[in-house]
Amino acid sequence: MSSSAQSYETVLFDLADGVATVTLNRPEVLNAFDQRMLDEFADVWKRCRLDDDVRVVVLRAAGERAFSTGVDRKAGRDRHPNPWSADDPGFFLGAKQNRVWKPLIAAVHGMCAGGAFYWINEADVVICSEDATFFDPHTTYGMLSALEPAGLARRIPLGEAMRIALFGLDERMGAQRAYSIGLVSEVVPGGQAELWERAHVLALRLAEKPPLAIQGTVKAVWDSLSMSPHAAREVPLVYPQLANPLSQTDFSSGGARPKPEIR
């Protein structure tokens, strides 16, 4: 068993048994992100990408009320005065934008709103507790919503993404509705403790699988989303040709990895 810890101000990071557990840790402001959290997430994703001891990432949140309500409107974030030089929060928060191909499991409880969708949109598996609610308050405050619903439209039907984007605080999607449209793949009975336990069980199952096969699968699927239908049929063929021979090799013994039994 390997275990290590890294100290941050806005998140908790723990690595054990191949699972990096990242916990949003600003419950006093409903885990809203400020510039400190943006900077720390850039470091978190770099570590997850480069450290081969990390095989899977679980993203969760401290506190009882919210996964995250997006940007901290009081603390704000750094903005370049030239709009063409400005960075979007997704450049810091998004696992895929930071080239992390280790699978990401997002465990959502309570409110998940606005900029929190930066994490959800780039997660591979999203599960939630029964108290989870999803909404986007931008339009209620006179702000247009663009990148969050654009990412959502790749995960759920366009009409559902538009409804979330347009109605602001007038509507909140509950856990069962989120499950029925495919925004989450599982609603975990109970509260935060049960949700965290379920996320950990799923993560351990992924951590036990050959990492190159898992990471290559993640990359192939996500890369295909930006391709034409023809390219999505042809280009991903390179991934198994490259990775499968390596994935089936047990480098520690110098021989081939035994084929698992199909049960």
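**A surface patch and the helices**

Tutor: Start on the surface, where Leu158, Met162, Leu166 and Phe167 form a nonpolar patch. Together they have about 390 Å² of accessible area. Keep in mind that this is a predicted model. Methionine 162 sits in helix 5, residues 158-167. Its relative accessible area is 39%, which lies between the 20% and 50% cut-offs, so methionine 162 counts as partly exposed. An α-helix has 3.6 residues a turn, so residues three or four places apart point the same way.

Now compare a residue of helix 8. Glutamine 215 lies in that helix, which covers residues 211-224. Its relative accessible area is 17%, and buried means under 20%, so glutamine 215 is buried. Leaving aside residues up to four places away in sequence, glutamine 215 touches Trp101 and Lys102.

Next, helix 1. It has 16 residues, 35-50. At 1.5 Å a residue it should span 22 Å, and its end C-alpha atoms are 23 Å apart, which agrees. Its buried residues include Phe41, Val44, Trp45 and Cys48. The buried residues of helix 1 pack against several elements, among them strand 2 (11-16), strand 4 (56-61) and helix 3 (117-121).

Last, confidence. The chain averages a pLDDT of 89, and 88% of the residues score at least 70. Over residues 250-256, pLDDT stays under 50. For that stretch the model has seven contacts beyond four places in sequence.

Technical notes:
Residues are numbered from 1 along each chain as its sequence is written. This is a predicted model: local features need pLDDT of at least 70, side-chain atom pairs count only at pLDDT 80 or more; totals for chains, interfaces and linings use all residues. Side-chain values use heavy atoms; hydrogens and water are left out. pLDDT is the predictor's confidence in each residue, from 0 to 100. Contact means heavy atoms within 4.5 Å. Patches are made of residues with over 30% relative accessible area and no salt bridge: like charges are joined within 9 Å, nonpolar side chains (Val, Leu, Ile, Met, Phe, Trp, Tyr) within 5 Å. Accessible areas come from the Shrake-Rupley method with a 1.4 Å probe; for residues, only the protein chains shown count as cover. A salt bridge is a side-chain nitrogen of Lys or Arg within 4 Å of a carboxyl oxygen of Asp or Glu. Helices (H or I, at least four residues) and strands (E, at least two) are DSSP runs, numbered from the N terminus. Buried means under 20% relative accessible area, exposed over 50%, partly exposed in between (1.4 Å probe, protein chains only). The expected span of a helix is 1.5 Å times one less than its number of residues.
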